[in-house]
Amino acid sequence: MSTNIKTAENIVYQKPRLMNDVPMHYCPGCSHGVVHKLVAEVIEEMGMAEKTVGVCPVGCAVFACNYLDIDWQEAAHGRAPAVATAVKRLWPDRLVFTYQGDGDMASIGACETIHALNRGENICMILINNAIYGMTGGQMAPTTLVGQKTSTCPYGREPELHGYPLNITKLAVELEGTCYVTRQAVDTVGAIRKTKAALRKAFENSMNKRGSSLVEILSTCNSGWKLSPQKANEWMRENVVPLYPLGDMKG
């Protein structure tokens, strides 16, 4: 007599169901891939896969639609908050978020960002802040640190010439329409967990009509910074975090 014994397989980790099985174009060590994974996990866990609309504009984030199996709408450079506003007002039962870089949100899109937040639109804005223009060659961004070298300020950012870094998240705290403003990172396992919790809270705010949420995520750009992935994480912790401290700022 033979007996068939089935061994139970304990799955401890797997790729989120909403992540498409396609190669990513991001540079090795880039933080975008980690954030994509977290967004996919939160949407799936909330059961909102069929009712989510993401809006991505120009920059490294422009190809986010290739990687997450949800509905996406492309927006012109900086106009993601305006597009997200229209989508959410037309479909109030949808989970609507923007996925933007610091150049897109804090430079050409600063007007749309501030006014959408001030109106209290029931959307979540995700800001990937790597303090540089990553896609177009490493130019100075609004969030570039004083003294930080880029291709357009090779001797370092000088306030007298280039102005000071723009802290768009700090501005968002003062706006009446924002219900939740936070700054997180994804350089460690602990930081990743906190970022996921922040995204979940922001998405729930959107569905509960509490107003606008802004989740800034400090990111590395090792190609633009000309550092290895490990050194980029170290440089971020030593230089970027002191200027842009982590944690909840409102809500």
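Where is Ala75 found?

1. Ala75 sits in the loop between β2 (71-74) and α2 (80-90). The model is predicted, so local features need pLDDT of at least 70 and side-chain atom pairs count only at pLDDT 80 or more, while totals for chains, interfaces and linings use all residues. Residues are numbered from 1 along each chain as its sequence is written, and side-chain values use heavy atoms, with hydrogens and water left out.

2. Ala75 counts as buried because its relative accessibility is 11%. The classes are buried under 20% relative accessible area, exposed over 50% and partly exposed in between, with a 1.4 Å probe and protein chains only. Leaving out residues up to four places away in sequence, Ala75 touches Val55, Cys56, Pro57, Val58, Ala80 and Val83; contact means heavy atoms within 4.5 Å. Ala75 and Val58 are 17 residues apart in sequence, with 7.5 Å between their C-alpha atoms.

3. On a 1 Å grid over the protein atoms alone, a pocket is an open set of points with protein on both sides within 12 Å along at least five of seven lines; a cavity is a set where a 1.4 Å probe fits but cannot get out, and lining residues have an atom within 4 Å of a point. Points are joined across faces, edges and corners, and a volume is the space filled by probe spheres set on them. Helix α3 (residues 102-108) gives the most to the pocket lining, with three residues. By class, that lining has seven nonpolar, eight polar and two charged residues. Nonpolar covers Ala, Val, Leu, Ile, Met, Phe, Trp, Tyr, Cys and Pro; charged covers Asp, Glu, Lys and Arg; the others, Gly among them, are polar.

4. There is one cavity of 30 Å³ or more. The largest cavity is lined by His36, Val39, Ala64, Leu68, Trp72, Phe97 and Tyr99. Two or more of its lining residues come from each of α1 (32-45) and β3 (95-101). Six lining residues are nonpolar, one is polar and none is charged.

5. Four aromatic pairs are counted, where rings of Phe, Tyr and Trp (its six-membered ring) pair if their centres lie within 6.5 Å, with planes under 30 degrees apart stacked, over 60 edge-to-face and the rest tilted. Tyr26 and Tyr67 form a tilted pair, 5.6 Å centre to centre and 50° between the planes. This pair links distant parts of the chain, 41 residues apart: Tyr26 is in the segment before α1, Tyr67 in the loop between β1 (52-56) and β2. Tyr26 is buried at 11% relative accessible area, and Tyr67 is buried at 3%.

6. Trp225 and Trp235 also make a tilted pair, because their ring centres are 4.9 Å apart and their planes stand at 55°. Trp225 belongs to helix α8 (residues 222-225) and Trp235 to helix α9 (residues 229-243). Trp225 is buried at 11% relative accessibility, whereas Trp235 is partly exposed at 24%.

Conventions. Helix = DSSP H or I, 4+ residues; strand = E, 2+ residues; numbered from the N terminus.
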